[in-house]
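The sequence and structure come first.

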Amino acid sequence: MAEISVKINGQEVQIEKGKTLLQACEELGIDVPTLCYHPRVAIEGACRLCMVEDKKSGQLIASCTLEADDGMEIETESPRVVEARKLVLDLLLASHDVDCFACERNGDCRLQDYSYRYGIERTAFPGERREFPIDNQNPFFERDYNRCIQCGLCVRACHEIPQAGAIDFANRGFSSEIATPFNVPLEDSTCVFCGMCVELCPVGALVPRLDRFTGRPWEIEKVRTTCAYCGVGCQIELNVNEDRVVGISGYGESEPNYGDLCVKGKFGWDYIHHPERLTAPLVRKEGKLVPTSWEEALDYTARKFKEIKEEHGGDALGGLTSAKCTNEENYLFQKFVRAALATHNVDHCARL
Amino acid sequence: MAKTIEQENYREKVEEIVAFFPEKKGALIPALQAIQKEFGYLPRPALEVLSGSLRMPLSTIFGVATFYAQFHLQPRGKHIVRVCMGTACHVRGGQKLLATLENELGVEAGGTTEDLNFTLEEVACIGACGLAPAVMVDDETYGRLTSDKLTEVLDQYRKGKEG
Amino acid sequence: MKTRVLVGMGTCGIAAGARKVMEALEKGLQGVEGVELLPTGCVGLCEKEVVAEIQKNGEKTIYGDLTPEKVERLIEEVVLKGNIIEDWIAARPEEPILAKQERIVLENCGHINPENIDEYLEKGGYKGLEKALKDMTPDQVVEEVKTSGLRGRGGGGFPAGLKWQFASQAPGDKKYVVCNADEGDPGAFMDRSIKEGDPHALLEGMLICGYAIGSDEGYIYVRAEYPLAIKRIKVAMKQAEERGYLGENILETDYNFRIKIKEGAGAFVCGEETALLASIEGRMGRPRPRPPYPATKGLWNKPTNINNVETYANIPRIIRRGGEKFAQIGTEKSTGTKVFALTGKINNTGLIEVPMGISIREIIYDIGGGIPEGRKFKAVQIGGPSGGCIPAHLLDLPIDYDSLVESGAIMGSGGLVTMDEETCMVDVAWFFLNFTQKESCGKCTPCREGTKRMLEILERIKAGKGKNEDIERLKFLGRNIVDTSLCGLGQTAPNPVLSTLRFFEDEYRAHIEEQRCPAGVCADLLRYVIVQEDCKRCSICVKVCPVNAISGKPKEKHLIDQEICTKCNACLEKCPFDAIVKK
């Protein structure tokens, strides 16, 4: 891969050709703020927060959209850059419902972080603010566009990841907003509730409903694991607060999903602490199901299989397995049914 | 999206329009222009059919339809009635005129009558303060109106339609 | 030689009643031999519409302010007898209004029938295309355009030849030629006049471009609000196809070129080239960052050359007469001519074409005939909502791309709005910003949010509620919106504010510090007062006041209650004794 040389904040560095300035900075550990950039979706260049100063032309340029070129010299925190960033943040705050106290993302909000970083207490431009009703009709997540900063990450996520195309920008200018067609509730749109929009939202405009009021971001411990739903094996992070799972995030750094989730993986975790969840095997004794040990349960099942097989033959039995299992597990299962139970009565639910 | 009876009413026409653009690329805006020409506005079921024909998310079509000033998602009347809401008209009973119109036409401000003869709109100030209260119908300004006179004005346009 | 009567049938001519004049002429000339009656495009004398040019015995005379009633005498004396009716002449060639102009792009407008290709051919039409196809290689055509020094007439002023070179050198077997005919500036109608008056020139320019960059497909993106222009382009395309200038094997060479018309759907931002391309592709007109430039990645990601109507219309003449010759007109770095729409507080409003380098003074006073009613010139807004104002002390500034940028304005597409002492500069800034703010696409933060906040501050100042720090705020907002916006619309939107602040900060201060609008425009800062010495107590004002703000019975003292007054001006208009004044 061809390398080029650029000077960032006075320091000469070699980077791979084809990278944007923002990606180059990221690699070098230089934190250039951005709200509308996410590696998972197309680059838009909309928020204008990642502006850097090009020393040669004296211009401010959006680092997320410009490919680094050999011999470039840029400053990422020059007074001019800082002034421009302050204005962008200030303008976003002027149209933002700054009620951080009640916001789920308080402490994990990039708008908040950057405003703090650049010392903005409150907007210098109070004026008209559009008001949106909060949409909490669907069971999965809340849409509060009073907090939306129109970075468009949700739109790109929706069109690019599940390709559901449920939402897009509507209207234009100061009236522009993110909307479903004809503003129908999400559940009447083509939304598949994969929650990718929620995952990518940099502020508190899209928040999972189950997660509400279960813990502040700094109280949450992230525990990496594999999603229990299907055989794909998506990598997820359990959001844990005081030994309770209070939410799930995609883990972005690994295959197979690189952060992408589906409706079940993202929102279907409430079974974990459900009071009716089975936590021990049950055996029916005198017509009643009672908890028992795994040993007893397995012995009991094996014994019953044998009895049926001996009395009625293997075809009296059948096995149905699940898409939650891996291919290997499904292979083993059919092997077990054919070899041990001696029947071809084996099938698979093929979906969750 | 489930097929609805309304969609079926528009299907033939919309598919005829789409067939006019053998290349699907770039067809959306001309197709919307043709649909609006046909129906006077962009009916929702027609856009739902279009979404299927062009294999394009309805959200994208809705976005384009709301982005460009030319497109209307609601039927527009043959005559546009604009009631002045400026201060002078307000003081002289603009609000009352609006109420009269809403009553006479059976629609609220922003609405269109069922026979598609009138669209009723509020407007900030038409600069005819000396004639307050004033109403504009299409390009014509009517001033010093009372509810009775306004009814007379409306009748002219109603007759125009029938005649 | 045949006598020809050409009636100006552009959109504005028709609006002024050209159809009725045409009908009267048709009727009056029925059975008259040797006289041709034809429609033509706009000759640029808007103030004088309806206009007709009469060509008789090799002489051309332009008559203005025509009505159907004048037609009989016109036929009798001028068409038949060959006399001249001095009083009706709209403009004489030797008068500065015409003499100071140099018509290259507009040379045919108003002089030929735009719906007849033969008239275009007679004027040397399609000779440029023929020369390019038969005597020149594509690279030579690009070179010729570079030699001409022609810069894009759409606003930015990027050298057209260089643009063509980029598109021609960009790898790819499919390339596009796009014409930006989405003229959307308020008060600008240069391109419309060319499309209506000389549509073949545009087609020929695009055809030459296609040959030069290796493209076989062109798009004209034109506003749907210009139905007549669309119709005339379509007629021209059909005729060009019939004569073998458009389509397959043009002029029996292996060059093929097709043109499609795309009607805009009402969004000013689509004048920005990447938004325009998005719109042709059927998407929202939200611009995308450049680079990559359309020359390498344009329409459907293919190399694309975009110019506006005036730029393309210059091309046939450049190829026909040579780039060298074109470069002799104008200044060294801004060659050729520029078409302007002259409007506002000026005597001769209209469409003019002047050599680059001409001074603003010459345009305002010689061509424009000065300011009406002897009022004082204050400034001229050039470049429309993206431009800036040039104040009186810079009247001798030459009109060229670089001088204008230096003074805080831009060439823009050609709107020239003249302002006099009765124009409030805060109001002007508000007017233009109000326009751009509403037309922002909403994609990038500074333009979507920033122009809104600037507008709110301006509204506050206009209402007398401005604060001292508002001037700094406007400058801060303006400077950073220019620096950080994604596209040309946002990057230039603050210009009208910044440039009026640069030259007329004192007017802003008067609004803020003294709650006074020096030009007497901002309604909230005006007071209507009855001059008691002049008042005859007739009480007409009391009766006309729509909000009952004036007290007093007949024969009693009348007073205006400032709290109630809505400044509607009704009393001032009706007072028979001029006893009511605005302060």
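A salt bridge here is a side-chain nitrogen of Lys or Arg within 4 Å of a carboxyl oxygen of Asp or Glu. The model is predicted.

## Chain C against chain A

Chain C puts 33 residues in contact with 31 residues of chain A. The two chains bury about 2,700 Å² between them. Carbon and sulfur atoms give 55% of that area.

Charge pairing runs across this interface. Between chain C and chain A there are 5 salt bridges. The polar contacts between chain C and chain A come to 17 residue pairs, both residues at pLDDT 80 or more. On the chain C side, α17 (425-439), α18 (445-462) and α19 (470-484) each supply at least two residues. The largest share comes from α18(C), with 9 residues. By class, the chain C side that touches chain A has 12 nonpolar, 9 polar and 12 charged residues.

Over all chains, the whole structure holds 74 salt bridges. One pairs the side chains of A:Glu44 and C:Lys443, at 3.9 Å from N to O. A:Glu44 sits in the loop between α1 (21-27) and β3 (51-54) of chain A, and C:Lys443 in the loop between α17 and α18 of chain C, so the pair joins two chains.

## Chain C against chain B

Here 31 residues of chain C are in contact with 22 residues of chain B. The buried area is about 1,800 Å², and 60% of it comes from carbon and sulfur atoms. Within chain C, the residues that lose the most area to chain B are C:Ala265, C:Met284 and C:Pro546. Together they account for 30% of what that side buries.

How many salt bridges link chain C and chain B? The count is 1. B:Glu23 and C:Lys260 meet in a salt bridge through their side chains, at 3.8 Å from N to O. β8(C) gives the largest share, 3 residues. The chain C residues that touch chain B divide into 16 nonpolar, 7 polar and 8 charged.

## Inside chain C

Chain C is assigned five stretches: domain 1 (3-91), domain 2 (117-327), domain 3 (337-420), domain 4 (425-514) and domain 5 (527-582). Take domain 2 and domain 3 of chain C. Their C-alpha centres lie 27 Å apart. In chain C, 15 residues of domain 2 are in contact with 19 residues of domain 3. These two domains of chain C bury about 1,400 Å² between them, 57% of it on carbon and sulfur atoms. C:Arg151, C:Arg153 and C:Met190 supply 37% of the area that domain 2 buries against domain 3, more than any other three residues.

Domain 2 and domain 3 of chain C share 2 salt bridges. C:Arg151 also forms a salt bridge with C:Asp402, where the closest N and O atoms are 3.3 Å apart. Across the interface of these two domains of chain C, 7 residue pairs are in polar contact, both residues at pLDDT 80 or more. The domain 2 side has 5 nonpolar, 6 polar and 4 charged residues.

## Chains A and B by domain

Chain A is assigned domain 1 (3-92), domain 2 (130-209), domain 3 (216-277) and domain 4 (282-348). Over C-alpha atoms, 60 Å separate the centres of domain 1 and domain 4 of chain A.

Chain B divides into domain 1 (5-67) and domain 2 (79-158). The centres of these two domains of chain B are 34 Å apart over C-alpha atoms. Chain B has 7 helices and 4 strands. Their order along the sequence of chain B is α-α-α-α-β-α-α-β-β-β-α. The radius of gyration of chain B is 19 Å, well over the 15 Å that the globule rule gives for 163 residues, so chain B is more spread out than a compact globule. The C-alpha trace of chain B spans about 55 × 30 × 25 Å along its principal axes.

How values were computed: Residues are numbered from 1 along each chain as its sequence is written. Chains are lettered from A and ligands numbered from 1 in the order in which they are written. This is a predicted model: local features need pLDDT of at least 70, side-chain atom pairs count only at pLDDT 80 or more; totals for chains, interfaces and linings use all residues. Side-chain values use heavy atoms; hydrogens and water are left out. Contact means heavy atoms within 4.5 Å. Buried area is the accessible area (1.4 Å probe) that two parts lose on being put together, summed over both. Ala, Val, Leu, Ile, Met, Phe, Trp, Tyr, Cys and Pro count as nonpolar, Asp, Glu, Lys and Arg as charged, and the others, Gly among them, as polar. Domain bounds come from an automatic or database domain assignment. The radius of gyration is taken over C-alpha atoms; the globule rule is 2.2 Å times the number of residues to the power 0.38. A polar contact is a pair of N or O atoms within 3.5 Å; within protein, one must be able to donate a hydrogen and the other to accept it, and residues adjacent in sequence count only if both atoms are side-chain atoms.
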